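Subject: Structure handover

Hello,

Here is the structure we talked about. Please open it next to this message and follow along.

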Amino acid sequence: MKEKEIKEFVKERYGKIATKEDSSSCSCCSGSQMDGIIQQAKAAGYSDNEIKSIPADAIFGLGCGNPTALAEIKDGETVLDLGSGGGIDVFLAANKVGEQGKVIGVDMTEKMVETAVETAEAGGYKNVEFKLGEIEDLPIEDDSIDVIISNCVINLTPNKSIAYKEAFRVLKKGGRMLISDLVTEGEIPSAIRKNFQAWSECIAGAMEKQDYIETIRKAGFKDVKIIEQHFFTEPDMDERLVGKITSVQVRALKGETMGHDKKTACCGEDIEESPKKEPAEDIECCGETVDEQPEKVLEESNGCGCGSGTEFPDISLVKNPETPKNMAVPDFFADFEKFAHSMGIVSIGYAKVIPEIVNTEKPIYPNAIVLTLEMGKDIIEAPPGPEAQQLNDATYEKLGNITYALSDFIRANGFATQVAHPYGSMVGFSLLGQKSGLGWIGQSGLLITPELGPRLKISAIFTNMENLPLKKPDNHSWILDYCEKCGKCIKACPEKALIETETCCGGKEIGFIQKRCIGCSQGCTYCIEDCPFDQKGYEHVKTKFDKMNAKLAEKNSKK
């Protein structure tokens, strides 16, 4: 396939999207109905307020992320959007840079540029400009841009190396870049790589993840980091691609690198640097305790002010039906789960509402659908502080938007729902996840699942649907026994928020002191990073634990 032929096909396809001639769905496109487009935008990471703040004509449902949410765009800056399309990110950035700033969108599709210009003029935007051009040959002066953003566009160009060198050229020293894109993790069939349609759908041109990062580094960028990622799927996805496509948000700098002299706790106060320990070896059922003398009485939790305790109104687009159905046909759950996985949801569980899960408000409906989203390595590796908090907030917001979209799907099929935002405190999400059969709560209080270990965020949709496919919650109960013998999360906590105390009968239990925790609710990333379930994976830990128990049983039988 020749580069020129690929570009011409992509131009033609996106020209039709701009003029509403093409309404097909793809990995970076959504359907023709506005509700579907809005849902896709929300699932990609755009909040309801962001969507309402810009012209509707700028929203095409294109993209695999929300680069403006993580680019830290400031008043007065000059921003460049590579492959600006209908202008959704340009207009969002324009709201951030203000009258003294400027946002430039560059796109190679003439009809897209024409559409974006018309939208800007109709909206009275004075601080935006749209230019026709290719990202491999930007019509932009050297060292003139403060921030570069791009959304699911670099994968469309056959020559990514030149594109990133051009981005480096136009960026000011000390400037930053935030890119949302699709990459691969595993071999993609050559037949797909050679397919023009797959190129225009953001799949065929996607690079292997590590090669993609290295391409950015070779262009001259420093501090190149993946700050958010999740597996990408979609309805009717070629099964040869399942688990091989990842949506990433990459940040990089030109010149100076970011340093962290201090960590900042999520509640705002500075804390002294605590040395990070080297990962410990796998346990051998030793059950060691911490050196420090345990406290007799646990301190009361006063919350942390990072979102916990705040309730979020349901901003779903579809209203509950006046006379909702209460029984779903068997195919409904398969369709729902397929739709959920296409949006990035990793695991789905079903449970009955019980009093134990209720914190601040009893759910309206008696049944729960529980959803999990992966926390990227970027969050786990970031030290607790402003950067980690920003990454966490973005993931919470993304999961919240996906949950609203899935709630709309259920309502559109005739059922009533109530959304529990993952950043709210209506219910105990870890306990709800355990009751739904997704996993089990470990010593740190975090839910541990086979798919993600402790690296996850949880949300819920409460519904009147009566025939949910419930599972027994005790399949993973062995986790607690393992955790009691492990204790690595206790040792990993630099602030001693997890403490081991003796019970009246000579036993031991773990107490959690919210005031000491430098995370946002229950646990910071230290207890996740040092957890064997995160380091080795669920199956590895389970296999080792089973072998250990088998040896103990054999030893006891010989006594």
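Below are notes on the sheet, the helices and the salt bridges.

The model is predicted, with local features needing pLDDT of at least 70 and side-chain atom pairs counting only at pLDDT 80 or more, while totals for chains, interfaces and linings use all residues. Residues are numbered from 1 along each chain as its sequence is written, and side-chain values use heavy atoms, with hydrogens and water left out.

**The sheet**

Start with the strands. Helices (H or I, at least four residues) and strands (E, at least two) are DSSP runs, numbered from the N terminus. Seven strands make an open sheet with mixed pairing, in the order β3-β2-β1-β4-β5-β7-β6. Its edges are β3 (128-132) and β6 (222-231), each pairing on one side only. To count as paired, two strands need at least two DSSP bridges between them. From one strand to the next, the twist averages 15°. Angles run from 0 to 180 degrees between N-to-C directions; axes are lines fitted to C-alpha atoms, for helices over the stretch in contact.

Within this sheet, β1 (residues 78-82) and β2 (residues 102-107) are parallel partners over five bridges. Val79 sits opposite Val103 in β2.

Helix α7 (residues 160-170) lies across β1, β4 and β5 (171-184), at about 155° to β5.

**A helix pair**

Next, look at α15 (residues 478-486) and α19. Their axes are 11 Å apart and the packing angle is about 80°. That makes α15 roughly perpendicular to α19 (under 35 degrees is roughly parallel, over 145 roughly antiparallel, 65 to 115 roughly perpendicular, the rest oblique). From α15, the contact takes in Trp478, Ile479, Asp481, Tyr482 and Lys485; from α19, Tyr538, Val541, Lys542, Phe545 and Met548. Contact means heavy atoms within 4.5 Å. The contact residues are seven nonpolar, no polar and three charged. Here Ala, Val, Leu, Ile, Met, Phe, Trp, Tyr, Cys and Pro count as nonpolar, Asp, Glu, Lys and Arg as charged, and the others, Gly among them, as polar.

**Salt bridges**

How many salt bridges does the structure hold? There are twelve, a salt bridge being a side-chain nitrogen of Lys or Arg within 4 Å of a carboxyl oxygen of Asp or Glu.

One of them lies in α19 (residues 538-557). Asp546 bridges to Lys542, with the closest N and O atoms 2.8 Å apart. The two residues are four apart in that helix, about one turn. Asp546 is partly exposed at 36% relative accessible area, and Lys542 is partly exposed at 24%. The cut-offs: buried is under 20% relative accessible area, exposed over 50%, partly exposed in between (1.4 Å probe, protein chains only).

Arg411 and Asp314 meet at 2.8 Å, N to O. Arg411 is in helix α13 (residues 386-412), and Asp314 is 97 residues away, in the loop between β9 (270-271) and α11 (330-342). Arg411 is buried at 9%; Asp314 is partly exposed at 32%.

Asp534 and Arg455 meet at 2.6 Å, N to O. Asp534 belongs to helix α18 (residues 532-535), while Arg455 is in the loop between β14 (447-448) and β15 (456-463), 79 residues apart. Asp534 is buried at 18%, and Arg455 is buried at 7%.

Finally, Asp142, Glu166 and Arg169 form a network of salt bridges.

Best wishes
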